[in-house]
Amino acid sequence: MELFQYPYMQRALIGALVIGLAAPALGIYLVQRRLALIGDGVGHVALTGVGAGLLLNRSPVLVAVVVATLGAVAIELVRARGRTSGDLALALLFYGGIAGGVMLVGLSDATSANLNAYLFGSLTTISPQDLTTIVVLGAAILVTMLALRPALFAVCHDEEYARVAGLPVRALNLLLAVGTAVTVTIAMRAVGVLLISALMVVPVATAQQVTRGFRATMTAAMALGLFAAGSGVWVAANADTAPGASVVLLAIASFLAVAVVAAAWRALRRRRAEAGTPAPEPHEVVLR
Amino acid sequence: MTEPVITVAHGVVGYDGRPVLRDVSLAVDTGEVVAILGANGSGKSTLIRAVLGLVPLHSGSVALFGTPLRRFRQWKRIGYVPQRLGAGGGVPATAREVVASGRLARRGVLRPPGRADRVAVDAALASVGLADRAGDPVATLSGGQQQRTLIARALAGEPELLVLDEPTAGVDAASQEAFAGALRGFLDGGGTVLLVAHELGPLRPLISRAVVVHQGGIAHDGAVPEPAGHHADPDHDHVHPHAPDEPAGLWSS
């Protein structure tokens, strides 16, 4: 516990907690849209931003925010245009992003340790300025995702309906794309480019096994994200493991634990239901 | 003389160069209940999607409440009921949450929901007989109940015009009756309805005018056609609503 007396560990913990809270708050909209892995794609693009930042001697995180935002907006425009060539366009963007990142980092004076810090996260090297960036941007994401929940829910749930309701569908989609880029970039410091999607998606997947509504899922996912981030940093500090990987593994462990408990509970309830009332009628219409 | 609620003038719609609607003109006045009938692939769904601006017009024009579609912004006056719950929904949502989306057109994106919103959502759920299922995830509701949820979502916005795409297709009898009841309540409040239907069922007495779309054009605009041939048989079993290549038998004779 005494490790947390050191400022760098305090920064690591605060940074992880902010990201643990903000990432699922945004990720839930991506999951609802069935775009769960988009965060990964944006993360690849962000790596090019990191490379450019290191090469130009500018803050890698801030350059990555700009580059990832451009990438996310490009992905959103491709998505909105139609799906036929979208897949390939996305693939080009993803691999172009990571190759560009590796190349630019190689051109700069940075070492492979620098690259690793962004690929797999490096919570313990967060500087006070980094922490300020993470807290400010994380809070902005959190406030936006919570305040605009009804509108974002409507757009992600049924985009056509949202259009007929006169919602600014394109603006909301772009907001989500920009939010994804910002979240990815700040999460990059914590869990790394390769593990970013985990924090956006896994807590949501865990929560929705037991929740009935969207709001409940969002609340539970944020609580789970907070728990995984906090306990992950704690485990990392005490067992001397990589913080990013510890956070993600704990998130996945909670998923498995909840899955087992939920399955057992359902089985129990089914057995009780079989003894009591008859099963409900099957659906008249099977959804596609 | 007030403006028609919907005006379509010489509308042409095509997908990938293939014309789906050719030179369609239609006007719907306040208080009317207009059913668009036709076989699958006749272009009837495309017609209402063009009215709502969901598919672009190749040529011609659409006006809603006297305003050209391009400049129309009063979307709170319209309630849209799609054929099915959207593909979105990797995350569970309760019936109440889906219905609450119906308030957004009225409330705007930034304002948080208030008391009036809650009251309207409750009333809409009750009007389709789903008050007791409000907290259930929509994915666990039957097809008919999901359809009723979508109708409640449109009604929650307290619209003046309801546009429905096949609201009764594949829906159980209880849901059809609940839907007819909700529609009657909406009409008593002075509403206007445009709906696409394959068959009218319990809605028949509510329809004031029928428009039959056949091969992209309007083949009939007036009284509701009486069922002909085997369709007139009271025991006729409507088991074909989604048959892919159904001949237009009913309307082509």
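Reply: A cavity here is a set of grid points where a 1.4 Å probe fits but cannot get out. The model to which this is applied is predicted.

Me: How many cavities of 30 Å³ or more does the structure hold, and how much space lies in the largest cavity?

Reply: With the cut-off set at 30 Å³ or more, the structure holds 5 cavities. For the largest cavity, the space comes to about 120 Å³.

Me: Which elements give two or more residues to the lining of the largest cavity?

Reply: The lining has 13 residues, and those closest to the centre of the cavity are A:Leu30, A:Leu35, A:Ile38, A:Glu76 and A:Ala177. By class, the lining divides into 8 nonpolar, 2 polar and 3 charged residues. The elements that give two or more residues to it are, in chain A, helix H2 (38-56), helix H3 (60-81) and helix H9 (169-191).

Me: What area do chain B and chain A bury between them?

Reply: The contact draws on 42 residues from chain B and 34 residues from chain A. Carbon and sulfur atoms account for 60% of the buried area, whose total is about 3,200 Å².

Me: How many salt bridges are there between chain B and chain A, and which residues meet in one of them?

Reply: Side chains of opposite charge can pair when their charged atoms come close. A search over all chains finds 13 salt bridges, and the count between chain B and chain A is 3. One of these is a pair at 3.0 Å, N to O, formed by the side chains of B:Arg153 and A:Asp158.

Me: Why does the pair of B:Arg153 and A:Asp158 join two chains?

Reply: B:Arg153 lies in helix H5 of chain B, whereas A:Asp158 lies in the loop between helix H7 (149-157) and helix H8 (159-164) of chain A, so the pair joins two chains.
The answer therefore rests on where the two residues lie: helix H5 of chain B and a loop of chain A.

Me: Which element supplies the largest share of the side of chain B that touches chain A?

Reply: In chain B, strand S6 (78-81), helix H2 (95-100), helix H3 (104-107) and helix H5 (143-156) each supply at least two residues of that side. The largest share is 5 residues, and it comes from H5(B).

Definitions and conventions: Residues are numbered from 1 along each chain as its sequence is written. Chains are lettered from A and ligands numbered from 1 in the order in which they are written. This is a predicted model: local features need pLDDT of at least 70, side-chain atom pairs count only at pLDDT 80 or more; totals for chains, interfaces and linings use all residues. Side-chain values use heavy atoms; hydrogens and water are left out. Contact means heavy atoms within 4.5 Å. Buried area is the accessible area (1.4 Å probe) that two parts lose on being put together, summed over both. A salt bridge is a side-chain nitrogen of Lys or Arg within 4 Å of a carboxyl oxygen of Asp or Glu. Helices (H or I, at least four residues) and strands (E, at least two) are DSSP runs, numbered from the N terminus. On a 1 Å grid over the protein atoms alone, a cavity is a set of points where a 1.4 Å probe fits but cannot get out, and a pocket is an open set with protein on both sides within 12 Å along at least five of seven lines; lining residues have an atom within 4 Å of a point. Grid points are joined across faces, edges and corners, and a volume is the space filled by probe spheres set on the points. Ala, Val, Leu, Ile, Met, Phe, Trp, Tyr, Cys and Pro count as nonpolar, Asp, Glu, Lys and Arg as charged, and the others, Gly among them, as polar.
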